[in-house]
Amino acid sequence: MTRTQTLLAASLSLVFAVGLWSVIDPAGVTAISARIVDAYFLSRGWFVMLTVSGLLLLCLGLAVSRIGDIRLGADDDRPEFSTVSWITMLFAAGMGVGLLFWAVAEPLTHFAFIREGMPDPLAAEQALTTTLFNWGIHAWAIYGATALVIAYFSFRRGTPMLVSAPVEHLFPGETWARIVGWLSDFMAIAAIAIGVGGSIAMGVFQVAAGVDVLLGGDGAGAWLIALVFALMVGCYIPPLLVDLGSGMSRLSNLAMAIAVALVVFTVVLGPTQYLLNSVLGGFGNYVTQAIPRGFQTFTFFDDAVARWFSDWTLTYMVWWIAWGPFVGVFVARISRGRTIREFVLGVLIGPTLFSVLWFGAFGGIGLFDTLNNGGGLIELTRTDVDRVTFGLLERLPFTTLTTLATIAAAFLFIVTSVVSAAFVLGTFSSNGDPDPAPRLRLVWGVLLGLLGAGMILSGSIDAVKTLIALGALPFVFILVLLVVCFLRALGQEGSRHADR
């Protein structure tokens, strides 16, 4: 068998086995995943934080150095997309349904925990800062570093868009490089598949909760969750059989437009002055704490704090790593012609500022309601986290309209993410073919659905987060290797320029 055939067979077998196991024994796969992830976080949590902080510092260093003038492509290449369109596509690809799901629930969950050790006003500030840290510039440094390596080698060195390309390009003919390269592609496929499968589950939970709210129910039943899942699969399967054209980008932009309209609606029709103060104060606290917090592991705190740190910050960091290969390929494809400086600043700053606005508005109004009207929403985070965003919308005007908009945005984010992921997985498993065969894309779409179904059967968002973390753990080391290869290639390019 050829390298491509063995990679395809191994990756399909792994994803099918994990998906089938999740469907047959969701409790068992969740328990085993939790034990593995807990052991890894206990022994290597410091390595995860050091890696993501190092990636951020590397990106910032590249942006301010002379290396930032290097173009991702030929020296005369220019960007294909306007800066605004480019940043919009970045954000839609990198965050998606998680923004809608955790907009209110995460800040309130952190607040409920932190208020046990400090006064409510300080707890509210720290809850918002923690949320921004989990969704902010460190996440985009992971995406940016992965995409930068892929874009540099693809457009500057002419390699295929594969995770293995940097290693095999720098060490041609080396047996160890071929082995490491094969394992890199294999681990990238596993991380993408499990990460997207988790997002399918999250999206189905939220859409079903929204429909249940519209129907006047008090909890989405299994039949409704199954119906939403079937509808979602039915919507993403047909696009896999045709070329990935502008239709998917239009759907992503529509979902993003709905999300922007929701945040504007919340600020204008909510307690506007309070929310604008929340956004500004959250931004200030985040800017002053972001870098130091990237090196904090809560070593000297009790077990409850350590568990909170593992369940949220560490899990998020490996979650972004799981999506790194997928988002990296997408971002690389739309970034040809930009300088490294333009690329880094655009990837890090634009989406991070939107996260500050998003969570400052939704998290701010959730905290406002809790501090002034009691703990109804906080209680909902404990009993039915899927409904928290909709619970907040019930406190604002035009509830039915905004609920429908949230359902539509979540649905669109998931459909476009799965279609794009199936194309990327097809590319990775067909030796970098940018237009993999429809049959291969369909197979990956079905397997992603199987993984999503298994995670839905787990019945728990915490279980979904654990499974995503499990899929990403091996790729942490691959990401470090990619960065080392990238720095070596930059050193070679600098030497060639110096000799001229």
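Helix α17 (residues 399–428) packs against helix α18 (residues 438–458) at an angle of about 125 degrees, and their axes lie 8 Å apart. The model is predicted: local features need pLDDT of at least 70, side-chain atom pairs count only at pLDDT 80 or more, and totals for chains, interfaces and linings use all residues. Residues are numbered from 1 along each chain as its sequence is written, and side-chain values use heavy atoms, with hydrogens and water left out. Helices are DSSP runs (H or I, at least four residues).

The crossing of α17 over α18 is right-handed. From α17, V418, A421, A422, F423, L425 and G426 meet L440, R441, W444, G445 and L448 of α18 (heavy atoms within 4.5 Å). The contact residues comprise 8 nonpolar, 2 polar and 1 charged. Here Asp, Glu, Lys and Arg count as charged, Ala, Val, Leu, Ile, Met, Phe, Trp, Tyr, Cys and Pro as nonpolar, and the others, Gly among them, as polar.

The largest pocket has a volume of about 720 Å³. Of its 32 lining residues, W102, W312, I461, D462 and K465 are the closest to the centre. A pocket is an open set of points on a 1 Å grid where a 1.4 Å probe fits, with protein on both sides within 12 Å along at least five of seven lines; lining residues have an atom within 4 Å of a point. At least two lining residues come from each of α2 (26–64), α5 (105–114), α13 (303–333), α15 (376–383) and α19 (461–472). Helix α13 gives the most, with 7 residues. The lining has 14 nonpolar, 9 polar and 9 charged residues.

Conventions: Points joined across faces, edges and corners; volume = space filled by probe spheres on them. Axes fitted to C-alpha atoms, helices over the stretch in contact; angles between N-to-C directions. Left-handed = near helix turned anticlockwise from the far one by under 90°.
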